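Hi everyone, thanks for coming. Let me put the structure up, and then we'll walk through a pocket and some helix packing.

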Amino acid sequence: MNNRRTVLKVMLKSVLGLTFFPTTLYTMNDQTSYVDNLGIQLWTLRNEIEKDPLGTLRKVKDFGYKQLEGMGLSQVQSLKPIVSEVGLFFTSSFFQWTYLTENWDLAKQKGIQKIENVDTFEHLVEMAHRLGLTHLTFGYIFEEERGVENYKKWTDALNKAGELCNEAGIILSYHHHGFEFKKENNTSIFEILTHRLESDLVKFELDTFWLEIAGLNATEVLQSLNGRVNALHLKDLRSKDEIYFNDQIVPHDFFVPVGKGVIDFPSLLEETKRQNINSCFVEQDYSEDTFLSIKESMEGLRKIELR
């Protein structure tokens with residue numbers, strides 16, 4: 001392992017001084033608009049990407065999006081030539097969480113295999129570095145692996161993984177859904193995460209929809225995690241009349257474009273800029289017209305920033 005870490009450090013040093021992405025992505029000020037650097041999580045476009053990757057990405061570019069967050073490293077690798085051709089770029093990607101939990105027997109039962117020649121999390125970090133990513137995101141976990149006691153193990157694993165990512169110049173973050181906020185024995189998975197994750201090793205990628213549908217206020221959570229959030233998923237919620245912790249049973253029509261729902265995005269973006277959080281990704285899990293939804297989210301965010 002030490003030899004591989006030495007290789008990672010050498011790889012990192014070899015690219016110091018090179019600029020993979022526009023510097024405005026990393027510096028926010030009063031004149032910088034989030035819309036100017038807005039990204040999109042490709043889960044939103046999973047069906048469209050499969051049918052017509054080039055045409056889909058061209059529309060994303062035409063709507064004004066700049067950066068992309070991949071669903072996984074295999075997708076980033078396969079799409080990167082097209083992405084470059086269109087004039088977009090990947091900064092972040094989710095990864096198969098089993099590289100961290102190491103429950104490969106369970107993963108195989110679900111039909112999930114390792115990436116070819118990528119056997120460990122260390123290999124995964126090397127792959128992310130070669131692809132020019134600056135962020136890796138732990139984005140989901142099997143239901144069988146959840147629960148407060150399990151998450152005590154996963155937070156330890158995340159901290160160790162964060163050390164390795166730091167050595168490669170990559171930020172590791174945790175992306176939540178709703179289940180992390182459900183109370184279990186007077187605590188919750190999210191409380192375990194906030195108490196046990198080392199803030200210099202693992203950041204949070206907050207999702208506005210999953211916070212609000214779990215009964216929380218996204219801006220207040222962002223404020224409470226001051227300095228520990230490196231990215232946001234921006235998506236709106238039709239109504240706060242019902243609370244859901246299980247993402248599998250949320251009605252699809254609860255997902256609406258930014259500005260079409262009940263979330264207070266002006267306050268949220270003001271706090272986001274105050275904390276100098278540089279990556280915001282629009283995501284809409286379900287919609288009747290995907291292209292219209294991401295166009296409307298862009299328009300909604302432009303209106304918010306013009307107020």
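Let's begin with the pocket lining: 16 nonpolar, 12 polar and 5 charged residues line the largest pocket. In that count, Ala, Val, Leu, Ile, Met, Phe, Trp, Tyr, Cys and Pro are nonpolar, Asp, Glu, Lys and Arg are charged, and the others, Gly among them, are polar.

A quick word on the model: it is predicted, so to speak of a local feature we need pLDDT of at least 70, and side-chain atom pairs count only at pLDDT 80 or more, while totals for chains, interfaces and linings use all residues. Residues are numbered from 1 along each chain as its sequence is written, and side-chain values use heavy atoms, with hydrogens and water left out.

Back to the pocket, which holds about 720 Å³ of space. On a 1 Å grid over the protein atoms alone, a pocket is an open set of points where a 1.4 Å probe fits, with protein on both sides within 12 Å along at least five of seven lines, and a lining residue has an atom within 4 Å of a point. Points are joined across faces, edges and corners, and the volume is the space filled by probe spheres set on them. Of the 33 lining residues, W43, M71, F94, W97 and Y140 are the closest to the centre. Two elements, α4 (73–86) and β3 (89–95), each give two or more residues to the lining. Which element gives the largest share? That's α4, with 3 residues. Helices here are DSSP runs of H or I, at least four residues, and strands are E runs of at least two, numbered from the N terminus.

Now, α4 also packs against other helices. Helix α3 (residues 53–62) meets α4 at an angle of about 40°, with the axes 10 Å apart. Axes are lines fitted to C-alpha atoms over the stretch in contact, and angles run from 0 to 180 degrees between N-to-C directions. So α3 is oblique to α4; under 35 degrees counts as roughly parallel, over 145 as roughly antiparallel, 65 to 115 as roughly perpendicular, and the rest as oblique. In the contact (heavy atoms within 4.5 Å), P53, L54, L57, R58 and K61 of α3 meet L79, I82, V83, E85 and V86 of α4. That set has 7 nonpolar, no polar and 3 charged residues.

With α7, α4 makes an angle of about 25°, axes 11 Å apart, and therefore the two are roughly parallel. L73, S74, Q77 and K80 of α4 touch L124, M127, A128 and R130 of α7: 4 nonpolar, 2 polar and 2 charged.
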